[in-house]
Amino acid sequence: MKRRTAWVLGFSVVLAAGASLAACMGRSDAPSEEAAVESTTASPPESAPGRQKGEEGKSTATPSDIPEVDEAESEPTEDPSKEAKPRAAAPMATAAPSAAAKALPQTRMPFGQAGGGKSKGDEGRLGRADNNEVDGRELGVLQGQRKAPEDMYFEHYGTNPTIDTEEERRSTFAVDVDTASYTMARSFLERGVLPAEASVRVEEIVNAFDYGYEPPEDAAFNVHAEAAPSPNRQGYHLLHVGVKGKEVQKEARKDANLVFVIDVSGSMDADNRLGLVKRSLKLLVSELREGDEVGIVTYGSEAREVLQPTSAYDKTRILRAIDALATEGATNAEAGLRVGYAMAARHMREGGINRVILCSDGVANVGITGPGGILDVVDREVKRGITMTSVGFGMGNYNDVLMEQIADKGNGNYFYVDRLAEAKRVFVDELTGTLQVIAKDVKIQVDFDPQVVERYRLIGYENRALTARQFDDDRVDAGEIGAGHSVTALYEVRLAKDASGALGTVRVRYKEPNGAESKLVETSLRRSILRDETGEMSSPSQLSLVAAQFAEKLRGSYWARNVSYEDILTRLDRIAPKLGRKDEVQALRTLVAKARDVDHRSDKFVAAHGPVARMDFDRVPVLR
């Protein structure tokens with residue numbers, strides 16, 4: 001006990017020092033649990049920075065940033081706090097391509113990687129899901145199976161640690177309603193291979209499902225909460241927190257000024273790339289109203305204005321422009337974005353929706369390829385009121401990191417479209433929520449009562465973490481929520497024995513779409529939300545548990561060691577038929593079964609922490 005107390009005091013010093021350094025660097029990194037054992041995770045090119053949402057508070061650490069852990073400690077090790085090493089900006093390739101270069105498809109690189117080939121060490125880059133072994137550690141891609149797509153770039157943000165409420169009672173994060181990680185995982189599994197661990201963001205898999213929350217009547221948000229004993233972490237409860245935004249009827253949606261910036265470079269010449277982009281846009285056009293306008297900019301070696309903003313009333317003209325799209329040349333993404341933003345600015349609608357929609361695989365090899373320059377363009381334009389949605393297409397030669405960052409910086413959403421049905425969900429079923437923001441800079445803080453909750457762990461949101469101080473700071477950028485969208489977060493909490501009263505308070509801070517000052521919504525986590533067993537939780541809460549367990553299992557989390565895919569399938573089967581028969585739930589069941597069949601990874605925690613039978617469920621961070 002004395003040793004743990006001493007560690008807590010030491011951890012406070014580490015956190016304070018890290019916060020000071022982060023203030024100088026413009027960010028502070030979220031805690032991460034898995035230290036050296038997480039070295040089988042993915043990393044984007046060295047010059048592509050991790051996600052930075054606001055001035056500080058985002059975890060961008062990669063395995064190389066993780067401090068060594070003292071394996072001599074008797075308790076399992078975690079890495080609660082680390083400062084990511086600053087990455088050098090990539091050189092900018094600004095020379096104009098030759099005539100031959102314009103005519104032929106070229107080798108493409110992720111944003112931020114200049115030059116003509118893979119950067120040194122790419123053979124061991126853990127974002128490469130096709131490698132069967134890296135540094136002697138299995139990635140779980142089976143011999144005899146089809147190879148995973150090559151050159152897939154991801155970043156691993158670690159795994160949140162268990163926090164003692166006496167050390168920090170407030171858990172704070174920016175909302176995330178992106179769903180790209182779930183769609184990406186599906187694409188991997190349907191190819192017969194596991195997704196790269198770094199590609200799995202738990203919150204995006206949890207938020208890929210509709211939990212049927214009741215929308216607020218008068219306020220901007222409703223908060224829903226429920227808790228029950230955790231089925232896989234002894235002595236802990238699973239706490240489900242859902243935040244539902246107000247709904248806007250389809251006919252009440254604001255008119256939209258939409259500019260599509262479409263990657264038509266040579267390697268987009270595939271049915272699941274430009275072909276799928278064209279079919280997706282046609283679905284969207286069919287849903288637009290006469291008051292909406294559509295403009296199209298393409299980029300290969302150069303950027304071109306293909307269609308000046310045209311009323312959706314003239315659908316024939318818009319569809320004709322879409323049909324004429326064809327691939328050509330290299331990839332000048334930066335030029336495409338600049339021309340697209342310029343078009344959107346010329347047709348700016350005061351009080352309306354002004355959105356640039358990027359359709360790409362997130363790579364570039366001509367013009368400014370460094371992420372800093374590209375994200376600066378996005379940041380400047382969002383301040384003028386033009387938001388950004390990024391939609392990823394294609395498997396292989398794909399940069400997830402930058403596609404996520406672009407949408408993040410542009411106050412929009414990040415989607416990954418792998419099939420027409422997904423395009424229909426994004427551009428038809430959820431069109432109003434996709435386009436119309438109801439609240440920006442949305443932050444959530446759960447303030448636990450230390451007399452009732454002794455410890456907690458937030459499941460996911462590692463790259464969305466904020467400090468408690470940042471929650472009240474209106475200068476800090478955060479996430480956006482579209483009309484009718486919801487955000488779900490899960491915690492593991494250890495309750496104090498014989499304690500009574502509320503577990504704590506959920507706070508939601510947000511700004512109106514055009515506002516500068518934030519508003520606050522508070523909801524008490526009353527004792528009445530506790531259930532005696534997990535089976536007594538509502539079906540939506542049980543579905544969120546299944547989604548989280550599945551995601552934790554895929555990303556190789558310590559906390560999924562004692563969870564089997566059969567356990568997950570059994571829990572899915574127990575969900576009430578009304579919810580369990582939904583297509584999205586049945587599809588999840590299929591994916592869990594696929595993962596079970598291809599996941600032959602060994603337990604990477606055995607050497608340091610012993611077998612599953614000796615798991616430490618009170619595990620807290622221990623630093624050397």
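A residue counts as buried when its relative accessible area is under 20%, as exposed when that area is over 50%, and as partly exposed in between. Keep this at hand for the exercises below, which all use a predicted model.

**Exercise 1.** Is R464 buried or exposed, and which residue does R464 form a salt bridge with?

*Solution.* Start with accessibility: R464 has a relative accessible area of 4%, so R464 is buried. Next, look for the partner: R464 forms a salt bridge with D176, with the closest N and O atoms 3.6 Å apart. Now place both residues: R464 sits in the loop between β16 (453-459) and β17 (465-466), and D176 in the loop between β5 (170-174) and α3 (180-190), so the pair ties together parts that are 288 residues apart in sequence.

**Exercise 2.** Classify the two partners R384 and E381.

*Solution.* Their side chains meet in a salt bridge of 3.1 Å, N to O. R384 has 48% relative accessibility and is partly exposed, whereas E381, at 8%, is buried.

**Exercise 3.** How many salt bridges does a search of the whole structure find?

*Solution.* The search finds 48. Salt bridges also form a network, which links R186, E190, D418, R419, E422, R425 and E430.

How values were computed:
Residues are numbered from 1 along each chain as its sequence is written. This is a predicted model: local features need pLDDT of at least 70, side-chain atom pairs count only at pLDDT 80 or more; totals for chains, interfaces and linings use all residues. Side-chain values use heavy atoms; hydrogens and water are left out. A salt bridge is a side-chain nitrogen of Lys or Arg within 4 Å of a carboxyl oxygen of Asp or Glu. Helices (H or I, at least four residues) and strands (E, at least two) are DSSP runs, numbered from the N terminus. Buried means under 20% relative accessible area, exposed over 50%, partly exposed in between (1.4 Å probe, protein chains only).
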